[in-house]
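Here is a short briefing on a protein model. Look over the sequence and the coordinates before reading on.

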Amino acid sequence: MTDPAISARALTRRFGGFTAVDAVTFEVERGEIFGYLGANGAGKSTTIRMLIGLLAPTSGAALVAGHDVATAPEAVKASIGYMSQKFSLYLDLPPVENLLFFGGAYGLEGKALRARADELLELTGLAGLSAATTGELPGGIRQRLALACAILHRPGVVFLDEPTAGVDPAARRAFWRIIRDLAAGGTTIFVTTHYLDEAEYCRRIGLMVDGRLVALDTPAALKKTWVPDRVLVAQGQGLAAAGAALLAREGVRGVAPFGAGLHLRVDPARWGEREVAEALAAAGARDVRVAAAEPSLEDVFLAVVDRGGRAEGAA
Amino acid sequence: MTPKERIRRSLVRIGAMAAKETLHIQRDPRTLYLALGMPVVMLFLFGYGVSFDLERIPLAVADRDRTEESRALVDAVTAARELERVAEVPAERADELFRRNRALAVLVVPEGYGRDVARGERTRVQLLVDGADSVSANQVLAKVDALVRAETRRLSGPGLADRAPPLRVQVWTRYNPEGRSALFMVPGLAAYVLAISAVLLTALTIAGEWERGSMEQLFAAPVGRLEIVLGKLLPYVVLGMIELQLVLAFGTVAFDLPVRGSAVLLFSIGFFFLAGMLGQGLLISVVAKNQLVATQAGALSALLPSLLLSGMVFPIGNMPLPLQLLSRIVPARYFVHALRGLLLKGNGLDVLWPDLVALVAFVVVILGLATARFQRRLA
C-alpha cells in the first residue's frame with residue numbers, strides 16, 4: 001500500500017490557446033483527504049476531469065488507483081467515485097432509484113445492490129426518506145444522496161467537485177462528518193472547494209492559481225510558510241487612530257479593522273502581545289486587550305494570490 | 001475478468017439503464033401521451049380528415065330546357081346521393097358559385113334537350129367543374145360521366161342495347177374494390193404517426209441527459225456508449241410495439257382495415273421500422289445535445305420524409321429520379337410498402353423480404369452512427 005492513490009506528473013490541459021491546467025505535479029496518499037483550492041476558473045474541475053478519465057490530458061501523465069488515465073480510462077472509472085459539481089441526480093426519480101441506477105451502472109445487481117443501497121442510506125442518514133421524487137429533497141439531503149451514489153461500489157478513490165456549493169452550514173458539517181468517516185476507513189478523498197473553513201478538514205491542501213499549483217502542504221505548514229507574521233487581535237476604545245499611528249512603526253506589517261477591534265500583522269521578532277498593547281495605549285487607546293490569533297487559510301490564500309504564484313514549487 | 005463475466009456485467013449495466021429509462025417514462029405523462037395518445041388521435045384525425053372519397057358533392061343545376069326529359073336526367077344524376085343538388089341557377093352564375101365554394105360542379109341542360117331525346121337524335125349536356133381541387137374535379141367528372149352513360153342506356157331502350165359495341169372493357173378492382181381511400185391511407189398513416197412519435201420519443205432522452213448535467217456523471221461511470229444507446233432504446237421499443245398494436249387495432253376497428261397477412265411478419269417488420277425510427281431520434285439527440293433543437297430536428301426529419309417520400313400520398317413511381325433515389329433511404333417507404341402488401345394483399349415474406357432487409361439495414365446503420373457520434377469524453 002505504498003503506491004500513492006493519485007499521482008500527477010506535469011499534467012497539462014490546453015483549450016485552444018488557453019492553458020487551463022499548467023504542468024501540475026502532485027501525489028495523494030491512500031486514505032488521505034486532499035483539498036484542492038482555487039478561485040473559479042483556476043483549473044480545479046479541469047484537473048478532476050483529467051484524473052477521472054473524462055478529459056484527455058494535453059501532456060503529462062497521471063496514475064489513479066494504479067491505472068493510467070490516458071491509456072486505461074475505463075479501469076480508472078471502475079475504481080473511482082465521482083460527484084460532479086452540480087451533483088446531477090435524476091430529480092424525477094425517487095431517491096432510492098437513483099442509488100439503484102448508479103449501482104447498476106457500476107455493475108452491482110440483485111440482493112447485493114439492495115443491501116448496499118440500504119447500507120448507504122443508513123450511513124448518510126437518509127434511511128426512511130419518504131420523498132416521492134429526489135426533486136422534493138432539500139439541497140443538503142440531495143448532496144448526501146449524490147455522495148451515496150458515488151460510493152456505492154466502494155471505490156478506493158473518491159473525487160468530489162465542490163460538493164458543498166450552495167448548501168447550508170449545518171448540512172456541510174454533516175457532509176464532512178461522512179467524508180472523514182470514509183477517509184478513516186481508508187478511502188482516498190480528492191475534494192475541491194472554495195470554502196476555506198472546509199479546507200481545514202483536509203490533511204493536505206493544494207492551491208491553484210491560474211492553472212498552476214502554487215502551494216501544497218498541510219494547513220499548518222502552509223500558514224507557517226505563507227503567513228510568517230504574528231497575527232494579533234486588539235480590543236478596546238479609540239483603536240482606529242492608535243492603529244493608524246502604529247502602522248508607522250517598524251515591524252508592523254498590517255493593520256486592519258476587525259469587527260469592533262483591530263487585526264494586526266507584526267514581525268514576531270519585534271512585537272509581542274504586551275508590546276502592542278503598550279504601544280496602542282501610548283497612542284491614545286483605552287481599555288486595550290491584545291490576544292494572539294491563528295492565521296486563517298484565508299490569510300494564506302490572500303498571500304498566495306498576492307504573490308501571484310511566485311511560489312516555491314509544489315512539493 | 002472472463003468474457004462471460006464481462007458480458008454479464010454489460011447486461012447488468014444495460015438493464016440498469018433500461019430500468020431507469022422506464023421509470024422516467026412512467027413518471028412523465030408527456031411521454032406516454034406522445035407514445036400512446038398522439039398516434040391514435042392523429043390516426044383518427046387523418047383517417048377521417050384525409051379522405052379522397054367524395055360524398056354529397058354539391059352540384060348546381062342550370063336546366064334551360066325544363067321538360068320532363070331534362071328533369072329525368074337531373075333526377076338520374078342526383079339519385080344516388082353522391083351528387084347533391086344544391087341550387088338551380090342560370091349557367092352564367094357558375095363562376096360565382098365556384099368562387100364561393102357553394103358548388104363543385106354545374107350541370108347545364110341546354111334548351112331543346114327534351115325535343116332531341118324524344119326524336120332519338122344526338123344531343124349534349126354540359127358539365128362545368130371547379131378545377132381548383134383537381135382530385136375532387138376528377139372524381140366529379142368520373143361520377144357524372146358514369147351516371148350520364150347509365151341514363152343514355154336507359155333512353156336508348158332495349159333495342160339499342162343489342163347493338164352494343166363488340167369490345168367491352170370491364171374494370172375489376174382487386175383488394176380495395178370500393179376504392180376507399182381509408183384502406184390506402186391507413187397503412188401509410190400508421191407509418192407516419194409511428195415515425196413521428198418514435199423519433200420524438202428518443203430525440204429527447206439523450207439531449208435531456210446533457211441538459212440535466214447527468215451525462216457527465218454517466219460518463220464517469222464505466223458504462224459503454226453502446227450500453228447507453230441500447231439501454232435507452234429498449235424501453236422505447238417495447239412502448240413502440242404497444243403503440244403499433246394500438247394503431248393497427250384502431251385501424252381495423254374504425255376503418256375496417258383488413259389484416260390478410262401473417263401477424264408475426266407484421267410485427268417483425270414493425271419492430272425493425274420502430275427500432276430504426278427510435279435510432280434516428282437517438283442520433284439526433286446525440287448530435288443536438290439540446291432538447292429544443294432535438295425536438296425540431298426530430299419532428300422535421302421524421303415528418304417530411306415519412307409524409308412526402310414514403311409513397312403514402314404521392315406514388316414514388318411518379319417522382320423525379322433524384323427524389324426516387326432519396327426515398328430509398330427513408331424507412332417509411334419500405335414500411336408503407338410492406339404494410340400495404342401485408343394488410344391488403346396478404347403478401348408473405350417471399351414478396352416482402354426486400355423491405356425487411358432494408359429496414360434491418362437502416363437499424364444497423366443508424367445505431368452504428370449514433371454510437372460512433374456519441375463521444376464519451378467531454379472534449
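Strand 1 (residues 57-63) of chain B is largely enclosed by the rest of the structure, because 5 of its 7 residues are buried. A residue is buried if 20 or more other C-beta atoms, placed from the backbone, lie within 10 Å of its own. Strands (E, at least two residues) and helices (H or I, at least four) are DSSP runs, numbered from the N terminus.

This is a predicted model: local features need pLDDT of at least 70, side-chain atom pairs count only at pLDDT 80 or more, and totals for chains, interfaces and linings use all residues. Residues are numbered from 1 along each chain as its sequence is written, while chains are lettered from A and ligands numbered from 1 in the order in which they are written.

**Strand pairing in chain B**
- Strand 1 runs parallel to strand 2 (residues 83-88), with 5 bridges joining them. Pairing requires at least two DSSP bridges.
- B:Leu59 stands opposite B:Arg85 in strand 2.
- Strand 1 is also joined by 5 bridges to strand 3 (residues 105-109), again in parallel.
- There, B:Asp63 faces B:Val109 as its opposite residue.

**Contact between the chains**
- 23 residues of chain B are in contact with 23 residues of chain A. Contact means C-beta atoms, placed from the backbone, within 7 Å.
- On chain B, helix 1 (3-27) and helix 8 (214-220) each supply at least two residues of that side.
- Helix 1 gives the most, with 9 residues.

**Chain A**
- Chain A has 11 helices and 14 strands.
- Its C-alpha atoms fill a box of roughly 75 × 45 × 35 Å, taken along the principal axes.
- Of its 315 residues, 45% are buried.

Methods:
Contact = placed C-beta atoms within 7 Å. Buried ≥ 20, exposed ≤ 12 C-beta atoms within 10 Å, placed from the backbone.
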